Amino acid sequence: MSEHEFRVTRTTLADGRELLYFDDEPRYVSGELTRELHDARELPQATAECEMRQDPLTGQWYTYAAHRMNRTFMPPANENPLAPTKPGELPTEIPADDYNVAVFENRFPSLSLHMEVPEDFSDTVDGQAMFPHKPALGRCEVVCFTPDVNASFKDLPYERARTVVEAWAHRTREMSAVPGIRCVFPFENRGAEIGVTLQHPHGQIYAYPFLPPRAAEVAARAAAFREHTGEDLFDATLRAEKESGKRILVEGEYFTAFVPAAAKWPVEVMLMANRNVPDFAALTDAEKDELTRIYLDLLGRMDRFFEGVERTPYIASWNQAPVGEGPDGARADGRLYLQLYSMMRSPGRMKFLAGSESGQEAWISDTTPERIAERFREVAQP
């Protein structure tokens with residue numbers, strides 16, 4: 001299968017943040033045409049004050065970024081910061097008057113490398129050893145899937161969606177090489193129902209300087225499973241789902257889509273690599289091709305899941321193996337897989353995380369994984 005051709009062009013925004021164009025149109029790939037690289041805005045140099053504190057009861061790290069309180073919220077159409085910059089209109093985060101896929105550092109990041117950590121930065125809160133304290137040195141990027149504000153990822157043509165996959169692989173590779181980064185997490189939030197503040201179709205990538213709770217827990221269970229059984233946890237999970245067959249949606253050469261036997265969301269599907277591949281950067285071209293096709297298929301089914309709902313709110317959570325080795329998880333104990341899920345439990349009604357879920361993380365579902373799988377099969381296009 002032929003390699004997907006694309007070109008990456010880098011520039012720096014007026015405040016020092018990085019922006020990258022990922023182009024697949026032939027004239028841009030060849031270099032015949034180029035994107036606008038100059039950001040004409042007058043912006044102060046990018047700075048952020050992000051910190052982390054560790055909960056002594058759970059050991060989990062929480063991030064604090066007070067500057068995000070004033071981030072852009074539901075702007076009018078003429079102030080969309082993710083749109084291309086058009087002549088005569090307000091300049092945006094993207095200087096070019098058009099783009100295929102654009103990636104840039106978030107202006108209001110939760111984690112940042114644009115920080116000057118003072119020499120006297122305290123490694124504890126209030127001098128108390130019980131409360132460890134660190135600067136949140138990481139990176140947050142925005143991935144703009146298309147210049148069309150009215151589109152969604154599922155509306156992208158295959159070639160453009162394939163370019164987004166290449167962008168995820170490129171950014172995963174580069175951010176994994178940043179000293180101190182332990183986890184690179186691409187994701188998309190879609191829908192005002194789940195708190196999206198910009199309606200333009202986009203995703204994000206977080207590069208954490210620690211292993212988030214889910215990544216750490218999965219890595220720990222994978223290590224323990226290998227130690228006790230000699231098997232790979234992900235291989236064993238795939239084998240069990242295939243032997244059951246009740247929740248399998250797509251069984252490809254390189255990826256398998258299924259509703260997990262212990263799905264917790266009202267609508268949930270998992271897409272897992274069949275081989276032990278850690279992240280997007282490690283995929284072959286053939287694997288990226290199949291991944292793109294299956295992902296577009298699943299997004300289409302998601303929007304047909306509820307009758308009368310045109311766009312199902314969802315979160316697309318791309319889990320990747322931990323970066324490097326560490327006491328809280330090793331790279332060998334992870335695999336690339338997607339969790340695609342929605343909090344919508346019926347048309348127009350959302351599942352709220354109340355006492356049991358929020359207070360004790362003890363999940364209670366109003367449906368069953370088998371019913372979810374049955375509905376996903378019903379809405380599959382022939």
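**Aromatic pairs in a predicted model**

Modeller: In this predicted model, Trp168 and Phe280 are both buried.

Colleague: Why is the pair of Trp168 and Phe280 called tilted?

Modeller: The ring centres of Trp168 and Phe280 are 5.2 Å apart, and a pair requires centres within 6.5 Å. Their planes stand at 40 degrees, and since stacked means under 30 degrees and edge-to-face means over 60, with the rest counted as tilted, the pair is therefore tilted.

Colleague: What makes this a link between distant parts of the chain?

Modeller: Trp168 belongs to helix 2 (residues 158–176), whereas Phe280 lies in the loop between strand 13 (267–273) and helix 5 (285–304), and the two residues are 112 residues apart.

Colleague: Which angle and distance describe the pair of Phe234 and Tyr337?

Modeller: Phe234 and Tyr337 are 6.2 Å apart from centre to centre, with 40 degrees between the planes, and this aromatic pair is tilted. Phe234 sits in helix 4 (residues 233–244) and Tyr337 in strand 15 (residues 337–342), 103 residues apart, so that this pair, too, links distant parts of the chain.

Colleague: How do you know whether Phe234 is buried or exposed?

Modeller: Buried means under 20% relative accessible area, and Phe234 has a relative accessibility of 4%, so Phe234 counts as buried. Tyr337, with a relative accessible area of 4%, is buried as well.

Colleague: What makes Arg35 count as lying over the face of Tyr28?

Modeller: Arg35 is at 3.6 Å from the ring centre of Tyr28, where the distance cut-off is within 6 Å, and Arg35 lies over the face of that ring.

Conventions
Residues are numbered from 1 along each chain as its sequence is written. This is a predicted model: local features need pLDDT of at least 70, side-chain atom pairs count only at pLDDT 80 or more; totals for chains, interfaces and linings use all residues. Side-chain values use heavy atoms; hydrogens and water are left out. Rings of Phe, Tyr and Trp (its six-membered ring) pair if their centres lie within 6.5 Å; planes under 30 degrees apart count as stacked, over 60 as edge-to-face and the rest as tilted. Helices (H or I, at least four residues) and strands (E, at least two) are DSSP runs, numbered from the N terminus. Buried means under 20% relative accessible area, exposed over 50%, partly exposed in between (1.4 Å probe, protein chains only). A charge sits over a ring if NZ of Lys or CZ of Arg is within 6 Å of the ring centre and within 35 degrees of the ring normal.
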